[in-house]
Amino acid sequence: MCGKAFIQRCDLKTHLRSHTKEKPYVCEECGMAFTQSNTLKIHLRTHTKEKPYACEICGKRMAHKSSLNKHLRIHTKEKPYVCEECGMAFTQSNQLKTHLRTHTKEKPYVSEECGMVFTQSNTLKIHLRIHTKEKPYVCEECGMLFTQSNTLKIHLRTHTKEKPYACEICGKRMAHKSSLNKHLRIHTKETPYVCEECDMAFTQRCNLKTHLRTHTKEKPYVCYICQKAFCHKKNLKAHLRIHTKEKT
């Protein structure tokens, strides 16, 4: 059929099943069929939860020898899979395969709901929760729900008051990396958000958005008592004191 040669007859017999598609070894638990008895033996561990391969360094157990070999690279720091485009190295071949898409721009995972495409299946899985409204990650403190575990992790800092990001210039600590990036502009004087109307520049996008109302004359803040509208929330707040007789 293909001309491949073997030393032993049993190996030829096993190989021929790749052509005949014969799968004589059947799992009694789930009905999956295999060409080799050894493959069935390995598969059965998904049902028995047997993990015969143990890491000598940390003791973690694995069901497959290949999984142990991959795991050991965490300890040895070995990264045998190297990207020929940029030189980045990876511990697993599938990580390199995923990384290569940053160069090829290949996005094989497509959302059937909206047509958006992704480089990784996991990213598509997370995206689909926008459509399904699934939020599997729950905050035990306040009950808020999240689509991603990382978003929950960040949210928890509002309860723990943890601020892991520190400014190297003044020492001020932040709960979020984005907050640190915004804060650093106070020191660097960087103003990346520029008004196309008058060229005024701002450190934050929200400040530019507020400024643009001076050009568009948009007044989104409306007094619920007299319907007078304002560009800024602080102006509405000051105006309301006229009605409430609150003194400044």
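Is Leu100 buried, partly exposed or exposed? Because its relative accessibility is 33%, Leu100 counts as partly exposed, a class that lies between buried (under 20% relative accessible area) and exposed (over 50%), as judged with a 1.4 Å probe and protein chains only.

The model is a predicted one, in which local features need pLDDT of at least 70 and side-chain atom pairs count only at pLDDT 80 or more, while totals for chains, interfaces and linings use all residues. Residues are numbered from 1 along each chain as its sequence is written, and side-chain values use heavy atoms, with hydrogens and water left out.

Turning to the chain as a whole, the protein has 12 helices and 16 strands, these being DSSP runs numbered from the N terminus (H or I of at least four residues for helices, E of at least two for strands). The C-alpha trace spans about 95 × 40 × 40 Å along its principal axes, and the radius of gyration is 30 Å, whereas a compact globule of 248 residues would have one near 18 Å; the radius is taken over C-alpha atoms, and the globule rule is 2.2 Å times the number of residues to the power 0.38. Among contacts with a separation of 6 or more, 0% join residues 24 or more positions apart, where contact means heavy atoms within 4.5 Å. Buried residues make up 19% of the 248 in the chain.

Helix α4 gives a local view of this burial. Its 12 residues, 65-76, should span 16 Å at 1.5 Å a residue, and the end C-alpha atoms are 16 Å apart, which agrees; the expected span is 1.5 Å times one less than the number of residues. Within α4, Leu68, His71 and Arg73 are buried, and the buried residues of this helix pack against strands β3 (53-54), β4 (61-62) and β5 (81-82). An α-helix has 3.6 residues a turn, so residues three or four places apart point the same way. After α4 comes Lys77, which has a positive phi near 65°.

Just after α12, Lys245 takes a positive phi of about 65°.
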